Amino acid sequence: MDANERDVMDGEEKSLYHLFKSSKRREARTIRRMQDRGGRITNDPKEIEHIFVTYLTDKYGSVDVADNCITEMVNVIRSHTQPSCVAYLEQSIRAEELYTAIMSGGPNKSPRSDGIGREFFLHLWDTIRDDMLQVLNHMNLNKSTTRRQQHGIIFTLPKNNGDFTPAGYRSISLMNTDYKLLARIMARRLTSVLEEHLTSGQYCSVPGRSILEAVSVIRDVVAHAELTRTHVCVLSLDFRNAFDRVSHHYLFTILAGYGLSEWFIDRVHSIFEQATSSVQINGRLAGPIPIRCAVRQGCPLSMALHALCVHPLLRTLEERLTGITIGTRGQKILVLAYADDITIFITRREEIEIVNTAIRI
């Protein structure tokens with residue numbers, strides 16, 4: 001019935017309510033017209049597919065970066081990763097890690113073209129455990145991720161702006177389950193690296209921190225400024241296509257800047273190298289589309305990699321801004337970040353140019 005979990009109670013029989021919800025959801029996702037770059041609107045299915053493929057091919061094309069700016073970002077990283085953490089990243093995958101990766105997936109989630117979901121692995125765990133361990137260790141240790149495993153299905157969800165161009169749709173990549181299992185294991189292993197390097201102002205991908213804490217800190221800063229009559233500018237940055245426009249050259253250079261081994265970086269490179277996607281439009285697949293940039297939304301590893309990529313910007317701002325001190329312990333607040341949402345607290349006019357310079361770099 002294509003019913004969302006929030007629409008169904010445990011043990012509830014399917015009803016007309018669920019049928020109508022499913023129909024309404026499919027109708028909202030159906031793309032009946034599309035505007036091309038020249039402003040012409042078409043309702044021809046083939047032309048709609050061509051417009052999306054052209055747009056996404058350009059969107060995921062190579063990103064031009066300045067090597068001197070990358071060097072400046074790398075130099076902001078204060079220390080290298082502890083040898084014990086580096087060694088942990090290079091270990092063989094254990095059965096416990098694989099089972100945890102399977103359990104962390106949501107139930108009844110849409111599998112990719114392989115059609116294999118989480119329930120299959122859980123039901124047959126005792127039977128397939130050893131074979132799956134051999135497959136994933138072969139993928140990881142031998143860098144043998146196949147083209148098909150790297151291939152994703154881009155699912156387009158309409159944004160709320162009513163835009164009839166491809167930019168008015170959010171792109172989510174559906175990946176094969178075996179790929180996602182490996183990515184979850186790699187992301188979980190990176191947790192120790194994130195805890196070691198990320199600033200206290202980053203609230204995403206760090207265990208024990210949540211977006212609610214970030215919102216509470218912003219509220220406390222505003223309340224403190226009002227009570228003490230402190231002049232403060234709360235600047236919110238929203239990066240356009242933040243995950244989709246990450247340069248792979250920048251990504252791999254930054255990972256090396258953290259002191260991660262060439263061995264691990266090669267493994268990350270192997271799951272990005274020659275990656276492709278097809279876009280699903282009204283139940284049809286169009287493409288393939290080369291993915292020459294981006295950390296794909298839908299890949300479990302993307303959030304951790306994006307946090308490591310944005311960290312040098314946050315560190316740069318923290319070193320150059322005054323910030324605002326609140327609380328009895330004198331906690332200094334400068335920058336808060338959750339994924340691609342960044343909030344900066346400016347207390348002097350000249351700091352606006354400091355922020356502009358950091359963003360340009």
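One term first: a residue is called buried under 20% relative accessible area, exposed over 50%, and partly exposed in between, with a 1.4 Å probe and protein chains only. The model is predicted, so to speak of local features we need pLDDT of at least 70, and side-chain atom pairs count only at pLDDT 80 or more, while totals for chains, interfaces and linings use all residues. Residues are numbered from 1 along each chain as its sequence is written, and side-chain values use heavy atoms, with hydrogens and water left out.

Now the salt bridges. A salt bridge here is a side-chain nitrogen of Lys or Arg within 4 Å of a carboxyl oxygen of Asp or Glu. The whole structure has 15 of them.

Take Glu-49, which is buried, with a relative accessible area of 8%. What does Glu-49 meet in a salt bridge? Its partner is Arg-284, at 2.7 Å from N to O. This pair links distant parts of the chain, 235 residues apart: Arg-284 is in strand β7 (residues 284-290) and Glu-49 in helix α2 (residues 45-59). Helices (H or I, at least four residues) and strands (E, at least two) are DSSP runs, numbered from the N terminus. Arg-284 is partly exposed, at 40% relative accessibility.

A second pair is Glu-72 and Arg-320, at 3.6 Å from N to O. That pair also links distant parts of the chain, with Glu-72 in helix α3 (residues 67-76) and Arg-320 in helix α14 (residues 302-320), 248 residues apart. Glu-72 is partly exposed at 31%, and Arg-320 is partly exposed at 35%.

Elsewhere, Arg-94, Glu-96, Glu-97 and Arg-189 are linked in a network of salt bridges.

Next, the cysteines. A disulfide is a covalent bond between the sulfur atoms of two cysteines.

Last, strands β3 (residues 152-158) and β4 pair in the antiparallel sense over six bridges; two strands pair if DSSP finds at least two bridges between them. Ile-154 stands opposite Ser-173 in β4. Ser-173 is on the covered face of β4 (residues 169-174), along with Tyr-169 and Ser-171.
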